[in-house]
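Dear colleague,

Please find below the structure that I am passing on to you, followed by my notes on it.

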Amino acid sequence: MTTTTEDGRTALGGLRDALGLLKDREQVAERLLASSARHSFDPDKELDWDAPFEPGKWFWPPELVSLYGTPLWKRMSEEQRIALSQHEAAALASLGIWFELILMQLLVRHVYDKPATSAHVRYALTEIEDECRHSKMFARLITRGATPHYPPGPVHHHLGRLFKTVSTTPGSFTATLLGEEILDWMQRLTFPDERVQPLVRGVTRIHVVEEARHVRYAREELRRQMMTAPRWSQEFTRLTSGEFARVFSVAFVNPDVYPNVGLDKRQAVAQVRASGHRREVMQTGAKRLTDFLDDIGVLRGAGRRLWRSSGLLA
């Protein structure tokens, strides 16, 4: 019978948390490398970038558009609603590029002092390759739609710069999951939705398949880090992840989309903030992640209160 010590180590030398025994880091990486070899895509070749957009089709499922169900939405024409879905898809692609640039830097920091020949490092480098392709794919989607690029505002831009500089390793993987899992939930609803433009569905399909590996890698490593990191690092992670959740939840809707489809920015932002549907969408999209973070001890103390104030935790 295996016994567990106070620091979570089993008598056989493994690590066990509330979710069970952690898997060997190298074995996880080897499986992810094998999956990458089987299921990686070149968006430039996989997708038909020259096909015209289909009239009347959405660029994002209407239920996931920020204003869905609000009084303003009910007054908008169908054409205006579809235009908003296109601009919000471009804004989410822009957010994805910003986030993936941060993630790539965090991954490089993570492996900087680790054995370069390990499978764990090789998979991190493989994930960076994936993220480079994703960023280029998102940029091409924005260009193809002839919408503006919607970068985060200056405050969030500089907060991102600060975060990637001061983040602890567990904080980095918590932020990675925050950026990946909510968008992944939305994209899993998007790529099978025949109401949505085929190009958008193709982009989201590629991203979902490849991001599933990234989520697995980040979850396994975060579990390990929350078992082995110093107590101060764990507490710092709880606080920084809560603050990043607040930043991310605000950045998820870029208010500049509204005047670009003929809406009053202030009125639209106020209605999104008051929207029970929008709050439910964000909390539902985050639930799998917040349940996981709660299980492994991230959502505690002041950090939990920050997560609640972000609107992502019910």
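S275 is placed in the loop between α10 and α11. In this predicted model, the residue is buried, because its relative accessible area is 8%, under the 20% that sets the limit for burial. A polar atom of the S275 side chain lies 3.4 Å from the backbone nitrogen of H277 and 3.0 Å from the backbone nitrogen of R278. Setting aside residues up to four places away in sequence, S275 touches Y68 and T70.

Helix α10 itself covers residues 265–274, and its buried residues are A268, V269, Q271 and V272. Around the axis these span an arc of only 165°, so they lie on the same side of α10. R266, R273 and A274, on the other side of the helix, are exposed. The packing partners of the buried residues of α10 are α3 (71–75) and α11 (276–295).

The buried residues in α6 are H156, G160, F163 and K164. Viewed down the axis of α6, its buried residues fall within an arc of 90°, and therefore line one face of the helix.

The loop between α5 (119–145) and α6 contains A146. Although A146 is not a glycine, its phi is positive, at about 60°. Is this residue buried or exposed? A146 is exposed, as its relative accessible area is 69%, over the 50% required.

E210 belongs to helix α8, residues 198–228. This glutamate counts as buried, because its relative accessibility is 0%. A polar atom of the E210 side chain lies 2.8 Å from the backbone nitrogen of F41. With neighbours within four places in sequence left aside, the contacts of E210 are H39, S40, F41, D130, R133 and H134.

Lastly, the aromatic rings. A search of the whole structure gives 10 aromatic pairs. Ring pairs join F99, F163, F244, F248 and F252 into a cluster; F163 is also one of the buried residues of α6. Which arginines sit over rings? The charged end of R144 is over the ring of F53, 4.4 Å from the ring centre. R219 lies over the face of F292, with 4.2 Å to the ring centre.

I would be glad to have your comments once you have looked through the model.

Yours sincerely

How values were computed
Residues numbered from 1 in each chain as written. Predicted model: local features only at pLDDT ≥ 70, side-chain atom pairs only at ≥ 80, totals over all residues. Heavy atoms only, no water. Phe/Tyr/Trp six-rings, centres within 6.5 Å; stacked < 30°, edge-to-face > 60°. Lys NZ or Arg CZ within 6 Å of the ring centre and 35° of its normal. Buried < 20%, exposed > 50% of the residue type's maximum accessible area, 1.4 Å probe, protein only. Helix = DSSP H or I, 4+ residues; strand = E, 2+ residues; numbered from the N terminus. Arc of directions from axis to C-beta. Contact = heavy atoms within 4.5 Å. Polar contact = N/O pair within 3.5 Å; in protein donor to acceptor, adjacent residues only side chain to side chain.
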